[in-house]
Amino acid sequence: MTSRSLLLTPGPVPIPEPVREVLAEPIFHHRTPRFRKIMLVVSERLRKVFRTECPVYTIAGSGSSGMEAAVANFHSEGDAVLVLDTGKFGERFAEIAQAYGLRPIVVKSEWGQSVDVEAVRTLLIQNPGIKSVFAQLCETSTGVVNDIEALGKIVRQTPALLIVDAIAGLCADRLETDAWGVDVVIAGSQKAMMLPPGLAFISESAKAKKRREEARLPRYYFDLARYEKSLAAGDTPFTPATGLVCAAEKALELILAEKLENIWWRCRKLGEYSRERLTGLGLRPFAKSPSSALTAALFPRGADGSKVLEILREEKNVTFAGGQDALKGRLLRAAHMGSITRQDLEEGFQALEEVLAGTRSDQLVSTSPY
């Protein structure tokens, strides 16, 4: 067993000590000048991290609440939307769109493959009524990064909005919201933002705001018009997750002090190391266009990946994430975002090597057909 607990999952990720210290401070009332000042600082720092001059709103909820807000605020019933499905969370966008009465046109990529940008161009020409294009910056279920810059060049030439789930990718994979023409970006607190789960962040371009003012889907808690009005005074329309917002002030301070360009470089190099190390252990990197946030790798055929991960967690004190749906028991997902270091990964992969070498082969045989 390692001398310390290692959390190497793509959410939640380890929380730096300065952020944990803020989380341990006594609670205070949120409808006060003290909290309003913090909220305004957080919002301004979020704009820098999102690389946008447009507002970024903070919602008390998981990243999926930001995804739902992106559907509810910018559409009317029956709208056609283009969903670029590269994995589990691309599927979620389609499910939310259907729940709100939209008509999703789903472009499925084989898991492990990124978006076919030219297919998007063709579909937008063939379907000029499409209101929005939904994509992931990083598809967390497969470790794929999509070419959002290329998508932005295509979508900005149409009336459609480009809506990007950057819940896992923000602060790991490069994203230039304004420069790339991204209209709505969604992020979550528990990934590279180095916070516990519980906050969603969503940016809104001028083009998106105009659409919101015309959209007719019902919304209340997720109504961004309420957040816009409250934010002007440093407030929130509903009770905020006060402790998380205060911790976000510190986490964002750490991120901006390191500089995003340095963080992107660090995460990319850790990703290269992770893929090299996992390949050496007999696992095969899964994503054809790998993200800098995490690496997904297939266990050798016949191995029970779920059992390996269980032994690592229970006997070695090391937690990686496994695969989802058809990849359950077949895939290991190792994060290299946030405060995760080279040393953390070295220790985690050393533990993995020990489990693979020291466990009887009959204990690792999978019953999965995949």
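**View A. R34 over the ring of F28.** The charged end of R34 sits over the F28 ring, 3.7 Å from the ring centre. "Over" here means that NZ of Lys or CZ of Arg is within 6 Å of the ring centre and within 35 degrees of the ring normal. This is a predicted model, where local features need pLDDT of at least 70, side-chain atom pairs count only at pLDDT 80 or more, and totals for chains, interfaces and linings use all residues. Residues are numbered from 1 along each chain as its sequence is written, and side-chain values use heavy atoms, with hydrogens and water left out.

**View B. R342 over the ring of Y273.** Here the charged end of R342 sits over the ring of Y273, 3.8 Å from its centre.

**View C. F93 with F134.** The structure holds seven aromatic pairs (rings of Phe, Tyr and Trp, the latter by its six-membered ring, with centres within 6.5 Å; planes under 30 degrees apart are stacked, over 60 edge-to-face, the rest tilted). In this one, the F93 and F134 ring centres are 4.6 Å apart with planes at 45°, so the pair is tilted. Both F93 and F134 are buried (under 20% relative accessible area; exposed is over 50%, partly exposed in between, with a 1.4 Å probe and protein chains only).

**View D. Y220 with F238.** Y220 and F238 make a tilted aromatic pair, 5.7 Å centre to centre with 50° between the planes. Y220 counts as exposed at 53% relative accessibility, while F238, at 18%, counts as buried. Ring pairs also link Y220 and F238 into a cluster with Y221, F222 and Y227.
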